[in-house]
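This report describes a ligand site, a helix pair and a pair of domains. Please keep the sequence and the structure in view while reading.

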Amino acid sequence: MNGIETCDVVIIGGAIMGSSAAYWLSRMNPALDILVIEPDPSYAQSSTALSVASVRQQFTTAVNVEISRFGIEFIKNVQNWLGQGGGVQSLGFQENGYLFLSGSAESETVLRQACAMQREKGAQTELLTPDALKARFDWLNVDDIHLASFGAKDEGWFDNMSLLGGFRKAAQHQGVRFLRDRVVDIDGVNGQVATVTLENGGVVSAGAIINAAGTSASDLLRMLDEDYPVEPRKRTVFMVDAPNAIHPDAPLMVCHSGFYLRPEHNHWICAIVPKDDHVAEKDDFEPDLHLFEDSLWPKLYERASGFDAVKVLSAWAGHYAYNTLDQNAIIGRHPNWKNLFLMNGFSGHGLQQAPAVGRGIAELLLYGRYQTIDLSDLGVERILEGKPFSEKAIV
Ligand SMILES: Cc1cc2nc3c(=O)[nH]c(=O)nc-3n(C[C@H](O)[C@H](O)[C@H](O)COP(=O)(O)OP(=O)(O)OC[C@H]3O[C@@H](n4cnc5c(N)ncnc54)[C@H](O)[C@@H]3O)c2cc1C
């Protein structure tokens with residue numbers, strides 16, 4: 001593209017959030033001229049592609065439960081939602097559940113309160129005492145467990161790239177244009193974003209701009225001299241063969257000691273939060289292999305039977321778009337820029353949130369307010385005021 005192009009909405013970043021917003025906007029208003037700018041159609045380094053692609057109802061804030069309630073509805077009925085244009089029949093949802101283990105009185109209280117709230121919102125979370133946990137999953141060591149919470153329904157994992165492909169195709173089917181390019185500058189005057197400049201020389205002027213740039217979200221805000229607490233944090237994921245660990249009923253287990261584990265066909269996927277968690281270099285996608293032997297394997301071995309003999313088959317590193325204020329999403333209109341909309345900072349739980357967040361941002365942009373789920377708790381105002389809205393069930 002050369003010269004100035006004009007459109008109604010420019011979406012910066014075309015992975016799961018940008019594509020979801022494009023799908024919902026074009027569904028709600030087919031007359032809109034929507035341009036999605038995405039530099040890498042392979043999505044190789046996006047969080048979306050490097051995700052562990054799991055969905056749960058077990059959050060500690062009501063808005064996150066509501067977001068995931070809609071997320072699972074969408075995942076289970078993807079063909080109905082996306083229609084012929086999406087070209088996806090199923091996301092292969094594997095409903096093995098999520099299991100949170102608590103190892104202290106304090107986290108036990110959090111589980112109890114969260115479970116009551118989740119059930120009120122329609123989730124089917126159950127609390128399990130150590131004995132009940134052992135009866136259900138006899139391969140687990142429950143010696144140090146105070147309490148567990150388990151969601152057997154509406155929790156599990158699915159095909160992330162088919163969800164992305166479906167949103168993209170459905171949006172294109174509804175008239176959205178995807179342009180392979182990168183935004184390198186944003187100009188604004190009098191509280192209004194005027195144009196975005198592209199790496200290849202083009203300039204786009206739009207009525208509204210959506211920042212869906214994942215770990216680069218802060219770079220875009222910096223172009224408008226705005227601080228933003230989103231930074232890349234590296235997470236290494238291991239694919240492991242453990243031939244003695246035969247537990248076909250295994251859920252995605254989140255252990256209080258900081259790791260998670262779930263089956264993947266005949267193997268296992270697992271990861272642990274690094275002790276020295278810090279901002280990552282943008283181009284550092286080298287897996288931190290030492291984490292497996294140093295900290296992950298001993299914890300697996302202690303927690304579940306059959307992890308005596310293990311072989312790491314592969315490992316990959318992805319970046320969380322980590323919100324350093326409260327590890328929760330930042331969604332809404334920027335108070336200082338009346339035509340700038342944000343969908344950022346999803347940390348480790350954005351994939352499942354894309355259906356509800358894309359719908360919400362489309363509602364806000366088109367109608368000036370949320371019409372289905374009220375996402376205001378996740379608004380930008382709290383960021384500017386430095387007031388965290390904390391989600392305690394962070395993985
Ligand atoms: C290891 C790992 C495991 C995860 N597991 C889960 C899970 O189990 N469940 C879950 O719900 N979530 C999970 N997540 C989180 C989830 O993947 C992310 O929250 C979600 O994918 C974020 O989507 P996004 O579209 O905001 O960002 P991204 O997928 O990172 O996409 C951002 C896009 O913006 C583009 N972009 C960047 N800069 C520019 C620019 N200047 N101009 C134009 N385009 C630009 C990029 O090319 C990229 O395609 C995980 C993440 C990781 C890394």
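How many residues surround the ligand, and which are the closest?

## The ligand shell

The ligand is surrounded by 39 residues, and the closest are G13, A15, G214, G318 and G350; a residue is near the ligand if its C-beta atom, placed from the backbone, lies within 6 Å of it. This is a predicted model, in which local features need pLDDT of at least 70 and side-chain atom pairs count only at pLDDT 80 or more, while totals for chains, interfaces and linings use all residues. Residues are numbered from 1 along each chain as its sequence is written.

At least two residues of the shell come from each of α1 (16–28), β12 (230–241) and β16 (311–323), where helices (H or I, at least four residues) and strands (E, at least two) are DSSP runs numbered from the N terminus. The most is given by β16, with four residues. By class, the shell holds 18 nonpolar, 17 polar and four charged residues, with Ala, Val, Leu, Ile, Met, Phe, Trp, Tyr, Cys and Pro counted as nonpolar, Asp, Glu, Lys and Arg as charged, and the others, Gly among them, as polar.

## Two domains around the ligand

The domain assignment of the protein gives domain 1 (4–87 + 160–229 + 326–385) and domain 2 (98–155 + 231–319), with bounds that come from an automatic or database assignment. Because both domains give residues to the shell around the ligand, the ligand lies between them.

The C-alpha centres of domain 1 and domain 2 lie 29 Å apart. Their contact takes 18 residues from domain 1 and 24 residues from domain 2, two residues being in contact if their C-beta atoms, placed from the backbone, lie within 7 Å. On the side of domain 1 that touches domain 2, β3 (54–55) and α2 (62–76) each supply at least two residues, and α2 gives the most, with five residues. That side of domain 1 has six nonpolar, nine polar and three charged residues.

## The pair α1 and α9

The axes of α1 and helix α9 (residues 354–367) come within 8 Å and cross at roughly 50°; axes are lines fitted to C-alpha atoms, for helices over the stretch in contact, and angles run from 0 to 180 degrees between N-to-C directions. The two helices, α1 and α9, are therefore oblique to each other, given that angles under 35 degrees count as roughly parallel, over 145 as roughly antiparallel, 65 to 115 as roughly perpendicular and the rest as oblique.

Residues of α1 including I16, W24 and M28 meet residues of α9, among them A354, R359 and L366. The residues of this contact divide into 14 nonpolar, two polar and one charged.
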